[in-house]
Amino acid sequence: MGHMEEVIEYEEPYVNYYIPHHCVFRPESNTTPLRVVYNASALTSSGKSLNCIQFNGGTIQDDLLSIMLRFRKHKFAFVADIKKMYRMILIDPNQRALLRILFKAEVNDPVKVYKLCTVTYGTTSAPFLATRTVQQLAKDEGKDIPLASSVLLQNVYMDDVLTGQDNLIKAKDMQQQLISLFDRGGMKLHKWSAPSV
């Protein structure tokens, strides 16, 4: 899926970081029964971790209370989840040496070096990068899809879209605009939910 690429040349770059990781198995989960957890807070021999040297970018979205209050005012409210949001956002190739992992597919396979190509859970900057990317998508496409663009700028919390309209026709139109806008950014919405009327 393009989430990582094998490192073929084994000359170590001047700056690199290998992220420890492990799997968490949750058989009860329908969408992700096997999830990889990355620990970018693990210290290196220098006494620093990747998370020690990263900026978190700050908070750039509205607070959850404001988002929830706006959500609750709609007669026809709905929510959706941005599917694999972090994994849909590429990291600059010059930064990927800081996102290396050791991996082997089978027990008897040799260990290989990979570099992660997308925003990675467990890194300090991940929430900012994801939120900022969604906001940039709204700004870039806002002139063509203004209704959905305003939702992305005001009614998204992490990977959850919480919005609605005062009538069903407008709500359906907004849903279609949101699908179209995220499609332009190479993302999909899923886990749609709305209270029954």
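1. Two strands are taken to pair if DSSP finds at least two bridges between them; helices (H or I, at least four residues) and strands (E, at least two) are DSSP runs, numbered from the N terminus. The model is predicted: local features need pLDDT of at least 70 and side-chain atom pairs count only at pLDDT 80 or more, while totals for chains, interfaces and linings use all residues. Residues are numbered from 1 along each chain as its sequence is written, and side-chain values use heavy atoms, with hydrogens and water left out.

2. An open sheet is formed by four strands with antiparallel pairing, in the order S7-S8-S4-S9. Its edge strands, S7 (156-157) and S9 (189-193), each pair on one side only. Two bridges join S7 and S8 (residues 160-165) in the antiparallel sense, and Tyr 157 has Asp 160 in S8 as its bridge partner.

3. The axes of H4 (residues 146-154) and H5 (residues 168-184) come within 8 Å and cross at roughly 75 degrees; axes are lines fitted to C-alpha atoms, for helices over the stretch in contact (heavy atoms within 4.5 Å), and angles run from 0 to 180 degrees between N-to-C directions. The two helices, H4 and H5, are therefore roughly perpendicular (65 to 115 degrees) to each other. Residues making the contact include Leu 147 and Val 151 of H4 and Leu 178 and Phe 182 of H5.

4. Where does the largest share of the lining of the largest pocket come from? Strand S3 supplies this share, four residues; S3 spans 34-38.

How values were computed: Angles under 35 degrees count as roughly parallel, over 145 as roughly antiparallel, 65 to 115 as roughly perpendicular and the rest as oblique.
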